[in-house]
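Please open the model in your viewer and keep the selection panel at hand. The tour below goes from one stop to the next, saying at each what to select and what is found there.

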Amino acid sequence: MPTPHRQTDTELCALDIMARLGSTLRIAAPLGLGKPHGLLNALYRLTASDQACSMRLYTALSLTRPRPAPGLEARFLQPFLDRHFGDDYEDPAYAVDMARNALPGNVAIHEFYMQSGALLHSPVAQRDYISQNYTHVARDLVEQEINLVVQLVARRETDEGVFYSLSCNPDLTLDFLDRMAAADKPRPLCVAVVHPDLPYMSGDAQVSESFFDIELAPPRSPRLFALPRSPVDVAEYALGMHASALVKDDGCLQIGIGALSDALVKALILRQQENVSWRRALVALDTSRATHKLAARGGGLAPLVRGLYGASEMVMDGFMHLARAGILKRRSWDTPALEQASAAGRLEDGAPGGHYLRGAFFLGSRSLYEWLHATETSDPDAIDMCRVSNVNHLYGDHQALAALQRRGARFYNTCMMATLLGAAVSDGLEDGHVVSGVGGQYNFVAMAHELPEGRSILLLRATRTVRGAVQSNIRWNYGQTTIPRHLRDIFITEYGVADLRGKTDSECIEAMLAIADARFLDALCAEAKSHGKLSADFHIPEAWRRNTPEHLRQALMPLQRKGLLPDFPFGSDFTDVEQRLVLALGWLKHAGASLRGKGRLLQAAWRPGEPAVGEDEALQRMGLADPSGLTMKDRIQRRLLIAALRHRPSRPAGPDSDAQAASST
């Protein structure tokens, strides 16, 4: 059995690759965490320095550290970024250059999913973006004459020899190489870059030593990219409460990433552990009773006894929290007889084998990576990292088994906007600019319609704030669609649930109006009537007029007073002082986005009021404690920050642009 050529020097490895492949590199690299930045950067530098060479990279989700703007943002973020990522973290240089429109002419980068909003202003990234379903990427790569595959891996030495784990990214590599072989095309050069901190995931993610042609094991490896944990606000918690009532015991769960998903996970844990308080809050929120009616038909209000099975293209922190809470525990088997016995309740919990979570890639906090490693060590069957074709659709030999495993499926994804007729906008703007990508969202929406008990549930905030003005995310129409209206199913906002499956257009419009913000009801209703899609004698029920932020605050106040809805539901990577600064800076940005807000801000800065608790520590953290050595601009920023700290703000109402809105997973 052939063994890979082993190297430890990244620059020499890049030269070796160029010597083997020549001057034309056509590279496939995993999305997200699985990209070996050091090796890609070495190949990028070699190509950029020689115009006789060319490099074409096919990938997705090139993760870069935020680059804070000068001023208060940099004062806050830069020390945090230095601490969180470490001084040795290496961004993908091509992504940094692409964002600032500085890619050399002999390099092309094709992404099918972008870091949300990061490349909106990069013309070359927008031109070279490829719009694809996640499950179509491997198929389409076969036609791109790929000659190099590079991947971050974990390595294990055993009595049987050396094995590698594709770990965070078995998603596309396996499908792509199988398709290349089936098409009788030459196998690309495959390079494994070993990272000592990458969790070793066995099962389908494990490959033999002969899988790779080159192994690169640098003597030092930078920290793995880890997502900072985000805060959750009142509206997001309200949305999560509604969403959690639609989860069915013994069912299957898919969730994405972001504050809306965190809110759903936290609400599920409250349903499990604080059921009485959770029910009372849901009653207070659900003024139209739509959530309770749908929960009675296909969800539940009781704690989850048999638990849930996870089948999600992305494994993120939420699954870890659900497992720790005893919710993610329903095992599935890849043997039809065992799975049928499990579905019938004839299989005991202690039956050997079986997994409770299946995913195609993972990305999250460092706590997630530690949990994955610990779970693999203590219960190696629990988590099945596998190719995306086994997760994102039902076609092929595994169709019947997958349908049985995914019984009672609830597929939760996020979108930026939705129309009254049930179309969803998740990946781009109506001028053609791409915010993120389709990813696997379409896969899961379509799959939900195929599964006997499956439901596709799209989550969105009812409003967003653009330059200080509140706008509705529920629109009559929009010039871009990710999910067409003929696949409409369930939408959830902070104001409730709209069940659109099998409904007429007028019924869909009424259901969507019922979850819209009250400030936009009259205009939306009038527009629907003007197009003849809503009866002229339709009147907006008074209950819908209560769809206001104030009603949400009142409904969730009891849970907040009990400390059950913290700003950071799963802990924070920020210190206590930084958490206060997050809220203060958020209020400052929100207040300064409009003329009226600027006026209030100036008034607050002129008369800031009594000192806030922890104010001195916050100013010290921002380097603004001593005004004597500051420039005039810094002194103004100091006064504004003091005003924000003394305002004792809560989180602002929502994102301030389409690009910062929640996107598809």
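Select N473 and show its surroundings: leaving aside residues up to four places away in sequence, N473 touches M416, M417, A418, L460, R461, A462, T463 and R464, where a contact means heavy atoms within 4.5 Å. The model is a predicted one, in which local features need pLDDT of at least 70 and side-chain atom pairs count only at pLDDT 80 or more, while totals for chains, interfaces and linings use all residues. Residues are numbered from 1 along each chain as its sequence is written, and side-chain values use heavy atoms, with hydrogens and water left out.

Staying with N473, you will find this residue in the loop between strand 19 (469–472) and strand 20 (474–475); helices (H or I, at least four residues) and strands (E, at least two) are DSSP runs, numbered from the N terminus. N473 has a relative accessibility of 3% and so counts as buried, a word that stands for under 20% relative accessible area, with exposed meaning over 50% and partly exposed in between (1.4 Å probe, protein chains only). Among the neighbours, look at R461, whose backbone oxygen is reached by the side chain of N473 at 2.8 Å.

Next, select Q132, which sits in the loop between helix 5 (123–128) and helix 6 (137–141). Is Q132 buried or exposed? Its relative accessibility of 10% makes Q132 count as buried. Not counting residues up to four places away in sequence, Q132 touches F112, V137, D140, V438 and G439. With D140, the side chain of Q132 makes a polar contact, side chain to side chain, at 2.8 Å; such a contact is a pair of N or O atoms within 3.5 Å, and within protein one must be able to donate a hydrogen and the other to accept it, while residues adjacent in sequence count only if both atoms are side-chain atoms.

Now colour helix 8, residues 234–244, of which 10 of the 11 are buried, so that this helix is largely enclosed by the rest of the structure. The buried residues of helix 8 include Y237, L239, M241 and H242. At the N-terminal end of helix 8, select D233, which caps the helix with a side-chain oxygen 3.2 Å from the backbone nitrogen of A235.

Most residues other than glycine have a negative phi. N101, in the loop between helix 4 (93–99) and strand 4 (107–111), has a positive phi near 55°, and with a relative accessible area of 43% N101 is partly exposed. R289 lies in the loop between helix 10 (275–285) and helix 11 (290–298); its phi is also positive, near 70°, and R289 is partly exposed at 38% relative accessible area.

Finally, zoom out to the whole chain, whose secondary structure comes to 23 helices and 22 strands. The radius of gyration of the chain is 25 Å, close to the 26 Å that the globule rule gives for 665 residues, so the chain is as compact as a globular protein of that length; this radius is taken over C-alpha atoms, and the rule is 2.2 Å times the number of residues to the power 0.38. Along the principal axes, the C-alpha atoms fill a box of roughly 75 × 70 × 50 Å. Of the 665 residues in the chain, 59% are buried.
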